Amino acid sequence: MKVAIVGASGAVGQEFLKILDQHNFPADELLLFGSERSAGRTYEFRGRKLTVKLLQHNDDFKGVDLALVSAGGGTSKEFAETITKHGTLMIDNSSAFRMDDDVPLVVPEVNPDDALDAPRRIIANPNCTTIQMVVALKAIENLSHIRRVHVSTYQSASGAGAQAMAELQEQHKSLAEGGEPKVEKFAYQLAYNVIPHIDVFTDNGYTKEEMKMFNETRKIMHSDVQVSATCVRVPVLRAHSESVWVETEQPVSVEQAREAFAAAEGVVLMDQPADKVYPMPLFIAGKEPVYVGRIRKDLTCQNGLTFWCVSDQIKKGAALNAVQIAEMLIKRGYFGK
């Protein structure tokens with residue numbers, strides 16, 4: 001199997017390399033592509049040094065079975081035809097195609113069958129906050145249809161890329177040394193602060209990030225669920241947290257929810273508050289599952305539940321989900337067709 005990574009030098013691209021190796025992904029040949037800035041860099045993969053090639057409009061993708069793409073929406077739109085014209089399957093991490101009717105938006109634990117119908121040879125990877133939330137919601141949806149979701153996110157610097165992570169570290173260093181922190185990747189200083197603003201604001205007062213959670217959740221879950229989100233950037237290096245309230249059609253007890261989470265694919269139950277056991281990004285960073293805890297009845301709604309979930313944004317929220325889509329398709333014989 002011939003695989004390509006587009007955006008190989010970015011935070012998600014680097015995670016692709018790690019996960020492909022850790023999962024023993026059947027890549028007989030791996031090609032790396034990037035911008036002019038990253039072209040020529042070398043990275044090691046399974047004992048071999050690979051050089052990043054400049055992404056161009058040519059036939060470099062001829063014979064490539066799978067392209068894992070994380071280079072931004074503009075690049076994805078510009079190069080989608082170049083990448084797919086010879087039959088390559090493109091799994092795209094940007095928001096470029098997520099809401100297109102003829103592009104499946106896939107989380108393998110939730111809607112794996114959607115990936116089998118990709119007429120444009122493009123599968124979209126959802127937004128990081130949506131991915132971890134729908135993995136958890138699926139467990140509740142299996143018990144009773146979810147009518148409404150209210151969610152507040154606590155999103156780490158990693159959601160804005162490798163340079164944003166470096167900026168947060170540099171801000172803490174500068175402030176500790178009595179200097180002025182550099183602010184480039186965020187609207188304000190993130191160190192010792194929280195910023196209730198991720199992506200641009202839309203006419204309804206919600207940001208694009210918040211509207212992604214509304215629209216993407218409905219598409220992935222094939223549901224009429226209503227989602228109201230407030231997305232907040234917090235001074236955490238890696239792993240997003242979410243406080244989630246759900247209203248179901250039928251009552252779901254805390255014990256039923258706990259059992260459903262414990263049995264759910266891709267979920268780890270971490271819910272012993274009396275012993276101070278609950279998910280936190282400090283300990284979840286670098287891990288693959290979605291961790292769920294703080295499960296309790298909503299005091300304001302008879303059919304309401306609330307829970308807390310944490311997941312690594314670069315892993316499950318981006319690179320891992322894309323690789324899991326490919327792994328699922330391999331098991332189903334997709335690439336042999």
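Predicted model: local features only at pLDDT ≥ 70, side-chain atom pairs only at ≥ 80, totals over all residues.

Visitor: How many bridges join β1 to β5?
Guide: Four, and the two strands run parallel. Strands pair here if DSSP finds at least two bridges between them. Strands (E, at least two residues) and helices (H or I, at least four) are DSSP runs, numbered from the N terminus.

Visitor: And on the β2 side, which residue stands opposite I5?
Guide: L32 in β2. Five bridges join β1 to β2, again in parallel.

Visitor: Is β1 enclosed or open?
Guide: Four of its five residues are buried, so β1 is largely enclosed by the rest of the structure. Buried means under 20% relative accessible area, exposed over 50%, partly exposed in between, with a 1.4 Å probe and protein chains only.

Visitor: What order do the strands of that sheet take?
Guide: The order is β3-β4-β2-β1-β5-β6-β7, an open sheet of seven strands with mixed pairing. β3 (42-45) and β7 (122-124) are the edges, each pairing on one side only.

Visitor: Which helices lie across it?
Guide: α1 (residues 11-22) lies across β1, β2, β3 and β5, at about 20 degrees to β3. α8 (residues 315-331) lies across β5, β6 and β7, at about 150 degrees to β6. Angles run from 0 to 180 degrees between N-to-C directions, with axes fitted to C-alpha atoms, for helices over the stretch in contact.

Visitor: Which hand does the β1, α1 and β2 unit have?
Guide: They make a right-handed β-α-β unit. With the strands pointing away from the viewer, the path from the first strand over the helix to the second runs clockwise.

Visitor: Switching topic. What about the six-strand sheet?
Guide: That open sheet has the order β9-β8-β10-β13-β12-β11, with mixed pairing. Its edge strands are β9 (226-233) and β11 (267-269). Inside it, β8 and β10 pair antiparallel over eight bridges. V149 has V246 as its bridge partner in β10.

Visitor: What packs on that sheet?
Guide: Helix α3 (residues 128-141) does, touching β8, β9, β10, β11, β12 and β13. Contact means heavy atoms within 4.5 Å. Helix α6 (residues 254-263) lies across β11, β12 and β13.

Visitor: How many residues are in the largest nonpolar core?
Guide: It has 56, and those with the most contacts inside it include L137, V149, V246 and F307. α3 gives the most, with eight residues. A nonpolar core is a set of buried Ala, Val, Leu, Ile, Met, Phe, Trp, Tyr and Cys residues joined through side-chain atoms within 4.5 Å.

Visitor: What does L137 touch?
Guide: Among its contacts are I146, V149, V246 and F307, not counting residues up to four places away in sequence.

Key
Residues numbered from 1 in each chain as written. Heavy atoms only, no water.
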